[in-house]
Amino acid sequence: MSAISGNGHARRLTINEDAQAMIDVARAEGIETVWDRLAAQEPQCGYCALGLSCRNCAMGPCRIDPFGEGPQKGVCGAGADVIVARNLGRTIAAGSSSHSDHGRDILEAFRALAHGETTGYRIADVDKMKRLAEEVGVATEGRTTEEVAADLADVLLEDYGTRRGSLSFVARVPEVRRAKWDSVGITPRGVDRENVEMLHRTHMGVDNDYVNTLLHGLRTGLSDGWGGSMIATELSDVMFGTPTPVMSEINLGVLRTDQVNIAMHGHNPMLSDVVVAAAQDPELVELARSFGATGINIVGLCCTGNELLMRRGVPMAGNHLMQELVLVTGALEAMVVDYQCIMPSVVDVAKCYHTKIISTADKAKFTGATHVSFDPMHGAEIARDIVRMAVEAYPDRNHERVRIPVKPVRMMGGFSVEAILGALGGTPKPLVDAIAAGTIRGAVAVVGCNNPKLPQDLEHIELTRRLIENDILVLVTGCAAVANGKAGQMLPESAAMAGPGLRSVCEALGIPPVLHMGSCVDNSRIMVLAAALADFLGVDIDQLPLAGAAPEWYSEKAVAIGAYVVASGVTTVLGVQPPVFGSPHVVELLAGGLDGVVGAKFAVEPDPARAALLIRRHIEAKREGLGLPFVEVGADEAADVSTEAPLGAGSKA
Ligand code: BF8
Ligand code: SF4
């Protein structure tokens with residue numbers, strides 16, 4: 001089908017042709033999308049945008065006047081610093097809890113698998129399971145796989161409680177960093193403990209010192225990055241396979257006019273993996289054929305899509321802002337969701353078509369959706385029921401309304417730490433050598449979401465383009481990775497887009513200059529890689545030429561990620577202002593003071609060109625610190641960008 005031309009309106013909202021075409025269709029048909037609702041919300045609350053409103057108790061709600069003319073204290077006496085810090089602390093706890101609860105769901109399924117209580121699951125990577133067991137002190141010699149798995153599950157379940165001094169995987173952190181965390185009092189203990197403690201501290205009248213609250217915010221984030229998220233990643237690898245490089249396709253062009261299309265949306269591979277298996281069930285394929293379809297096509301959205309793409313090469317329909325637009329193609333029989341980042345609006349958009357929204361998590365129900373309670377004890381059977389429901393919707397499809405606006409783009413994913421080290425011959429040495437020689441200047445994790453306040457994907461791909469052109473390896477996860485994939489930056493031949501040094505390394509290894517490392521919980525892979533590089537060099541993580549960026553973040557989970565990445569020693573640039581600017585003290589701590597505490601800090605820079613300069617200067621400064629050859633980053637081009645600039649300086653706003 002030919003492309004439907006985007007008008008000026010759609011082109012301001014997204015850089016992607018498939019999204020532009022579907023926005024035009026939605027507007028023409030009066031279907032409301034996220035951009036319409038954002039416009040209806042404007043102007044958004046200025047107090048909330050600055051972090052200056054509080055409704056933590058019934059003496060409030062309260063707000064602080066940022067101009068100094070109105071109230072400067074809430075009813076309880078809390079000023080701007082305390083209110084902003086408490087709000088940020090709760091945001092980190094919400095994000096950390098989301099990842100960690102996802103991790104716990106996988107852990108509980110893994111434990112049930114070990115006890116033979118599930119259907120549709122197996123231990124796909126026995127070697128990794130044994131390595132993990134040995135790492136956390138579980139005996140493996142002379143024991144069955146199931147016995148070892150059961151004990152491993154029990155040790156990791158303890159990480160959620162408070163029985164140990166610190167989380168199991170904190171042992172992966174370079175010793176010098178662990179000592180730093182101990183000295184500041186931010187070593188993460190139990191996953192649940194840090195999150196509960198944050199809710200406690202931010203109750204009225206508990207932690208009334210913003211520095212103390214924010215330090216616990218780092219600890220809460222660390223309980224996600226080196227706890228809940230890492231457990232989710234590691235056990236997903238064990239149950240579904242450790243990713244290895246794989247080719248796939250991406251954008252709305254992955255939908256098929258002649259097949260039953262099922263989009264898997266959400267986060268937990270426990271659901272999506274068994275649905276992919278069920279879609280190959282000969283009986284269900286035959287049922288689809290009996291309705292005139294040629295087969296069953298599973299596509300991914302958001303992070304569960306990343307999980308499927310990384311391990312199975314399942315094609316990816318799109319990232320966060322595509323979840324409504326994929327429905328507007330009229331080509332989906334079902335969108336199957338679990339939890340996180342699923343807009344309630346998908347139910348309303350689906351009503352305009354024959355598409356079924358099938359919710360599956362008892363903790364994430366959607367009014368108006370069809371709920372199928374997913375239970376890993378009967379994973380295979382429930383997955384078949386779900387696929388059958390989708391197939392049975394195919395006869396209701398109105399083929400006249402089907403619009404698949406583009407051809408898919410090819411991409412390569414599957415870069416687990418194991419795969420990267422494997423490509424390097426089993427050791428980080430070749431990568432370290434390339435960084436030391438300056439062939440690769442450093443590495444940047446470009447991660448996070450889409451946010452309708454920014455043109456979709458523009459910041460991701462422009463920042464990435466500028467980094468790889470300057471020989472900086474880019475590691476991506478989450479919706480950022482989907483943006484890069486759609487833009488064609490994730491193919492081995494995209495090495496041609498990189499500077500000469502990075503290009504030569506990528507060509508020698510046959511890899512893209514932008515490595516897809518997985519879903520958002522898989523940012524833990526980036527932490528493991530950073531720790532491995534630091535250990536190899538005998539330095540702390542904050543000495544490495546690394547940076548993080550979340551150009552288009554929206555989610556509380558992204559804030560938790562930012563907290564653990566910075567606390568782990570990696571300076572991070574945000575493209576969207578966090579609601580902290582109501583407190584100059586909090587801003588000064590996050591953008592300055594933290595550097596003296598954990599060796600890293602935050603910056604905000606929405607302009608991708610300026611963000612790239614900021615990051616390049618940071619990387620060259622780290623190179624200089626390690627005694628490696630460094631260059632002054634184009635003093636002329638960077639004249640107006642300073643790494644010392646306070647949080648938010650240089651923003652276009
Ligand atoms: O966990 S990148 S929009 S889908 S929060 Fe959500 Fe953000 Fe996407 Fe995945 Ni991550
Ligand atoms: Fe107001 Fe204090 Fe209650 Fe917050 S905790 S709502 S600032 S009285």
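R388 counts as partly exposed, at 28% relative accessibility. The model shown here is predicted. R388 has a partner: it forms a salt bridge with E283, and the closest N and O atoms are 3.2 Å apart. E283 lies in helix α12 (residues 282-290) and R388 in helix α16 (residues 379-393), so the pair ties together parts 105 residues apart in sequence. E283 counts as exposed, at 51% relative accessibility, because the cut-off for exposed is over 50%.

Side chains of opposite charge can pair when their charged atoms come close. This structure holds 46 salt bridges. One of them joins R111 and D154, with 2.8 Å between the closest N and O atoms. R111 sits in helix α5 and D154 in helix α7 (residues 145-160), 43 residues apart. R111 is partly exposed at 33%, and D154 is partly exposed at 31%. R143 and D151 also meet in a salt bridge, at 2.7 Å from N to O. Elsewhere, a network of salt bridges links residues including K128, E135, R311 and D522.

Now follow helix α5. Its 35 residues (80-114) should span 51 Å at 1.5 Å a residue, and its end C-alpha atoms are 50 Å apart, which agrees. The helix is mostly covered, with 25 of the 35 residues buried. After α5 comes G116, whose phi is positive, near 70°.

Turn to ligand 2. It has 13 residues around it, and C54, C57, C62, C76 and R86 come nearest. Eight residues of this shell are nonpolar, three polar and two charged.

On the surface, M59, V75 and M204 form a nonpolar patch. Together they have about 270 Å² of accessible area. M59 is in the loop between β1 (53-54) and β2 (62-63). M59 is partly exposed, at 44% relative accessible area.

Methods: Residues are numbered from 1 along each chain as its sequence is written. Chains are lettered from A and ligands numbered from 1 in the order in which they are written. This is a predicted model: local features need pLDDT of at least 70, side-chain atom pairs count only at pLDDT 80 or more; totals for chains, interfaces and linings use all residues. Side-chain values use heavy atoms; hydrogens and water are left out. A residue is near a molecule or strand if one of its heavy atoms lies within 4 Å of it. Ala, Val, Leu, Ile, Met, Phe, Trp, Tyr, Cys and Pro count as nonpolar, Asp, Glu, Lys and Arg as charged, and the others, Gly among them, as polar. Patches are made of residues with over 30% relative accessible area and no salt bridge: like charges are joined within 9 Å, nonpolar side chains (Val, Leu, Ile, Met, Phe, Trp, Tyr) within 5 Å. Accessible areas come from the Shrake-Rupley method with a 1.4 Å probe; for residues, only the protein chains shown count as cover. A salt bridge is a side-chain nitrogen of Lys or Arg within 4 Å of a carboxyl oxygen of Asp or Glu. Helices (H or I, at least four residues) and strands (E, at least two) are DSSP runs, numbered from the N terminus. Buried means under 20% relative accessible area, exposed over 50%, partly exposed in between (1.4 Å probe, protein chains only). The expected span of a helix is 1.5 Å times one less than its number of residues.
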